[in-house]
Amino acid sequence: MEYLLLVLVIPLLGGLVLALCGHRDYAPEVNVGVSLCTLVAAGLLTSHIIDGGPILVLDRQFLVDPLNVFLIALTALVGFTTSVFSRPYMRVERDRGKMSPKRMRLYHSMYQMFIFTMLVALSTNNLGILWVAMEAATLTTVLLVSVYRTAASLEAAWKYFILCGVGIAQALLGTILLYLAADKVIGAGGGALLWTNLDAVKTMLEPNVMALAFVFLLLGYGTKVGLVPVHNWLPDAHAEGPTPISAVLSGLLLNVALYAVLRCKMLADGALQNQLPGRLMIGFGLLSVVAAVFFLARQKDVKRMFAYSSIEHMGLMTFAFGLGGPVANFAGLLHMTVHSLIKSAIFFAVGHATQKAGTQLMANIRGVLKLSPTVGWGMLLGTLAILGMPPFGVFASEFLIITTAMRYLPWATPLLLVALGVAFAVIFVRVQEMVFGDSELKPLEHSPALLPVFVHLGLGLMLGLYIPPYLVGWYQQAATMIGG
């Protein structure tokens, strides 16, 4: 229990401390230090779960099991590496007048509170607390997206708040319906919102109420996942917020929202005993993959383009979990991991490139490789990795998803292949134009943090070549839990 408490308390206390000193020159180092402590605590928690199995703590309000433990570790890892990237990046933004001391304090404190809310959402056993944590994550990211206080960033934050507010309201309605279905079986005093209780009696829940509840929960949390057609907030939030926030939005928040959908799907599958939850996820996932690819083909802003790439990949994961079965679920979990690592690495490299160019318009970014070979190679390798080039991990997960679709849903396979092919052509052509050629860019005022880029790419490469046995064990246990 103490390790889980550390995982939750460290970012909370870090956010409170940075609310007082987040404007100081040493604040970025404090942010990195707090994130490192969270990562260490997550590592200790993971080791404890591997050795001792799942735990239920704090009056059964918090649960750590094979499904969420690797996501907790992944969240802590990406949170730490993003804080390392953020240190020089935000100092450049401050020196260029885009960030005032008050905004720096808001940024650093809300960064830690954002990590805290995601960790609460991942570790809670109470679906009511899960909803509250997702709402709190929305509020913290609204403040982070709008931190520049430009007209475009305020508009993006407002759109994010309104659309995700509507989505989270639908999730609340779904949670209430779920409680009503469980109350008749468990009783009002029996913890009718505790996931472990619900999982134990899921076959006894009223099917009609559960079907309606899952629809609302899928739409509600699917808004945070970025599923089409409730995705419109995501490209604006990525484009107008600071690049470190784009990295954690794509690399972490979307995963947390999809995790919430999976917990609800497991209950709905048991109650309905049919394929409705899976079919809904297949439909939304396939629509997201296809629509996102044709949206990204029209983009001129590099961060918006990669935001639509995130929608594409979240759609692919949703499709995989909708297919269900041990292989598709394994592939979906693997894709969650490698997408988080690779996409955040891309945003790290893109962030430095856009700072050098002073613009996010792809037409005005040229010759990155000539000015900064490490940033250029980071962009190029990250792009190849996220587009599914072997031997990176994205290739392995996409191969498993597509081959499973060939067997169980053959009509969807051509759509997936065409969408992935179009995405490859569009993104690679545009990135290679930014990376190669002559450059008139100038060096940055502070040396960029490039170690996180290549650490993430290295991990993504490793997962394409070799998955450690303990990680395979997590994936297999979690895939079995998800079922479908």
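How many nonpolar, polar and charged residues does the lining of the largest pocket have? Keep that in mind as we walk through this predicted model.

**First stop: the largest pocket.** Select Ala73, Leu77, Tyr470, Leu471 and Trp474, which are the closest to the pocket's centre among its 18 lining residues. The volume here is about 370 Å³. Now colour helices H2 (27-52), H3 (66-95), H13 (326-357), H18 (451-465) and H19 (469-482): each gives two or more residues to the lining of this pocket. Here is the reply to the opening question: the lining has 15 nonpolar residues, 3 polar ones and no charged residues.

**Second stop: the second largest pocket.** Next, select Glu93, Lys98, Gly358, Thr359 and Gln360, which lie nearest the centre of the second largest pocket. Its lining comprises 18 residues, and the space inside is about 320 Å³. Helices H3, H9 (233-240) and H13 each supply two or more residues to this lining. By class, you will find 4 nonpolar, 8 polar and 6 charged residues around the second largest pocket.

Finally, select Ser123, which belongs to helix H4 (residues 101-123). Is Ser123 buried or exposed? Ser123 counts as buried because its relative accessibility is 0%. Show the side chain of Ser123 together with the backbone of Leu119: a polar atom of that side chain lies 2.8 Å from the backbone oxygen of Leu119.

Note on methods
Residues are numbered from 1 along each chain as its sequence is written. This is a predicted model: local features need pLDDT of at least 70, side-chain atom pairs count only at pLDDT 80 or more; totals for chains, interfaces and linings use all residues. Side-chain values use heavy atoms; hydrogens and water are left out. Helices (H or I, at least four residues) and strands (E, at least two) are DSSP runs, numbered from the N terminus. Buried means under 20% relative accessible area, exposed over 50%, partly exposed in between (1.4 Å probe, protein chains only). A polar contact is a pair of N or O atoms within 3.5 Å; within protein, one must be able to donate a hydrogen and the other to accept it, and residues adjacent in sequence count only if both atoms are side-chain atoms. On a 1 Å grid over the protein atoms alone, a cavity is a set of points where a 1.4 Å probe fits but cannot get out, and a pocket is an open set with protein on both sides within 12 Å along at least five of seven lines; lining residues have an atom within 4 Å of a point. Grid points are joined across faces, edges and corners, and a volume is the space filled by probe spheres set on the points. Ala, Val, Leu, Ile, Met, Phe, Trp, Tyr, Cys and Pro count as nonpolar, Asp, Glu, Lys and Arg as charged, and the others, Gly among them, as polar.
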